[in-house]
Amino acid sequence: MPSGGLTYGSSLTPQDLGSGGGTHRGGSGGGAIRFIIFDTLSLNGTLSANAGDGTADGYYEGGGGSGGSVYITSKRLTGSGTISANGGNASSLAGGGGGGRIALYYQLSDFSGPVQAKGGSGGKNPGQDGTVIIQPPSLDAPATGFYLIE
């Protein structure tokens, strides 16, 4: 029985591309996004490293691709947009792709949008959820004082 995809890569400093799902009908992997902003990042749209969904052709079943990575360092984060690195959904007999990794480091924020790295749904098994790390206190120490949301 096909299993859903797992997560991989660094949760503190995510930089990996997502990988494609199984078989030639598998979804594409998510991209890798890295922003270093010295002043304000105002996000009111969509910032996505989502993976593609698997498809079926009557014989082959495709797994969902795995989510990519979003890594943002900014003095200030504002807006109400969406940040995501979700795994792709699978066709009926395959596994969903694992969620990606998101890390947001900032000093000030009034950002109110959703941030998610969910695993894709699978006909047999869903993909594992990825990670979201949000660290507001300091840009100097990304490995301490963070919040881990899984």
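## Basis

Helices (H or I, at least four residues) and strands (E, at least two) are DSSP runs, numbered from the N terminus. Asp-39 is found in strand E1. The model is predicted: local features need pLDDT of at least 70, side-chain atom pairs count only at pLDDT 80 or more, and totals for chains, interfaces and linings use all residues. Residues are numbered from 1 along each chain as its sequence is written, and side-chain values use heavy atoms, with hydrogens and water left out.

Contact means heavy atoms within 4.5 Å. Not counting residues up to four places away in sequence, Asp-39 touches Ser-74, Lys-75 and Arg-76.

## Nonpolar core

A nonpolar core is a set of buried Ala, Val, Leu, Ile, Met, Phe, Trp, Tyr and Cys residues joined through side-chain atoms within 4.5 Å. Buried means under 20% relative accessible area, exposed over 50%, partly exposed in between (1.4 Å probe, protein chains only).

The largest such core has 16 residues; Leu-47, Val-70, Ile-72, Leu-77, Ile-83, Ile-102 and Leu-104 touch the most other members. Strands E1 (32-42), E3 (69-78) and E5 (101-109) each give two or more residues to this core. Beyond its neighbours within four places in sequence, Ile-72 contacts Arg-34, Phe-35, Leu-41, Leu-47, Ile-83, Ala-103, Leu-104 and Tyr-105.

## Aromatic pairs

Rings of Phe, Tyr and Trp (its six-membered ring) pair if their centres lie within 6.5 Å; planes under 30 degrees apart count as stacked, over 60 as edge-to-face and the rest as tilted. The structure holds two aromatic pairs. Tyr-59 and Tyr-60 are edge-to-face, at 4.8 Å centre to centre and 85° between the planes. Tyr-59 is exposed at 67% relative accessibility; Tyr-60 is partly exposed at 37%.

Tyr-71 and Tyr-105 are also edge-to-face, at 6.1 Å and 75°. Tyr-71 lies in strand E3 and Tyr-105 in strand E5, so this pair ties together parts 34 residues apart in sequence. Tyr-71 is buried at 9% relative accessibility, and Tyr-105 is buried at 3%. The charged end of Arg-34 sits over the ring of Tyr-71, 3.6 Å from its centre. That label requires NZ of Lys or CZ of Arg within 6 Å of the ring centre and within 35 degrees of the ring normal.

## Ser-66

Ser-66 is found in the loop between strand E2 (46-48) and E3. Ser-66 is buried, with a relative accessible area of 7%. Its side chain reaches the backbone nitrogen of Ser-19 at 2.7 Å. Outside four places in sequence, the contacts of Ser-66 include Tyr-8, Gly-18, Ser-19 and Ala-51.

Key
A polar contact is a pair of N or O atoms within 3.5 Å; within protein, one must be able to donate a hydrogen and the other to accept it, and residues adjacent in sequence count only if both atoms are side-chain atoms.
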